[in-house]
Amino acid sequence: MMEKNIKLDKIIKKLKEDPRNKSYTERGIPPIFQISPKARILIVGQAPGKKVEDSLIPFNDKSGEKLIQWMGIDRDTFYSEKIAIMPMDFYFPGKGKTGDLPPRSFIAKEYHKEILALMPKVSLTILIGAYSMKYYLGSKMGKNLTETVKNYREYLPDYFTIVHPSPLNFFWQRKNPWFEEEVVPELQRRVKEVLG
């Protein structure tokens, strides 16, 4: 346990010293994630938004409220050692024309594997949105996000694919009622099963 934390501290130090993260480190912003060797569920999201950057707490926004609801747990469980949160980028990438900029690809490529090794107890990984699906499912991903979420059973028991819980996806959710009707109850069942 102690050794694992030393390893995580080394990774955090490396992230802070990485010149590509210099602008964040200079502003006192650390990598934003939630990592625990006791984690049973791993959430791989997109990247922290501006609100999350301000509080330094992963999913501490409207998206997080919705995600907690979809998982069928409470806030205390969500922010416990049982749940790990490792986004595709550990920093807010900035604002784009239609929302936040995409996560910077080097973070997942260079840091995810090392962090995953610190969490041997993870038995369910929730992939949120297209960036995490493309990275973790590769060629197994469906032709688009909707198809991949619809066929979530194909990726079980390792991965559970869901749409991003952002209010920006409200239109998608209205257009695809099967998600809340079929996928969410199954997600809740799996989460409950894993957390015992």
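Predicted model: local features only at pLDDT ≥ 70, side-chain atom pairs only at ≥ 80, totals over all residues.
Visitor: How do you know whether the radius of gyration agrees with that of a compact globule?
Guide: A compact globule with 196 residues would have a radius of gyration near 16 Å. The chain has 16 Å, so the value agrees with the rule. Along the principal axes, the C-alpha atoms fill a box of roughly 45 × 40 × 35 Å.

Visitor: Which part of the chain does UniProt list as a domain?
Guide: An unreviewed UniProt entry lists residues 32–188 under "domain: Uracil-DNA glycosylase-like". In the model, that span is 41% helix and 10% strand, and its end C-alpha atoms lie 25 Å apart.

Visitor: What makes the contact between E53 and R27 a salt bridge?
Guide: A salt bridge needs a side-chain nitrogen of Lys or Arg within 4 Å of a carboxyl oxygen of Asp or Glu. For E53 and R27 the N to O distance is 3.7 Å, so the pair meets the cut-off. The pair links distant parts of the chain, with E53 in helix α3 and R27 in the loop between α2 and β1, 26 residues apart.

Visitor: Why is E53 called buried, and why is R27 called exposed?
Guide: Buried means under 20% relative accessible area, and exposed means over 50%. E53 has 6%, so E53 is buried. R27 has 51%, so R27 counts as exposed.

Visitor: How many salt bridges does a search of the whole structure find?
Guide: The search finds 17. Another one of them joins the side chains of E81 and K38, at 3.3 Å from N to O. This pair also links distant parts of the chain: E81 sits in the loop between α5 and β2, K38 in the loop between α2 and β1, and 43 residues separate them.

Visitor: Why are E81 and K38 called partly exposed?
Guide: Partly exposed covers the range between the buried and exposed cut-offs, 20% and 50%. E81 is at 38%, so E81 falls in that range. K38, at 44%, therefore falls there as well.

Visitor: What separates E186 and R189 along helix α10?
Guide: They are three residues apart in that helix, which means a separation of about one helical turn. Their side chains meet in a salt bridge with an N to O distance of 2.9 Å. E186 counts as buried at 10% relative accessibility, whereas R189 is partly exposed at 39%.

Visitor: How do you know that the peptide bond from L156 to P157 is cis or trans?
Guide: Its omega is near 5°, and the bond is cis. P157 lies in the loop between α8 and β4.

Visitor: What is noted about phi of L56 and of F59?
Guide: Phi of L56 is near 65° and phi of F59 is near 55°. Each is a positive value in a residue other than glycine. With 37% relative accessible area, L56 is partly exposed. F59 has 11%, under the 20% cut-off, so F59 counts as buried.

How values were computed:
Residues numbered from 1 in each chain as written. Heavy atoms only, no water. UniProt positions renumbered as here; feature names shortened; annotations may be inferred. Helix = DSSP H or I, 4+ residues; strand = E, 2+ residues; numbered from the N terminus. Buried < 20%, exposed > 50% of the residue type's maximum accessible area, 1.4 Å probe, protein only. Rg over C-alpha atoms; globule rule 2.2 N^0.38 Å.
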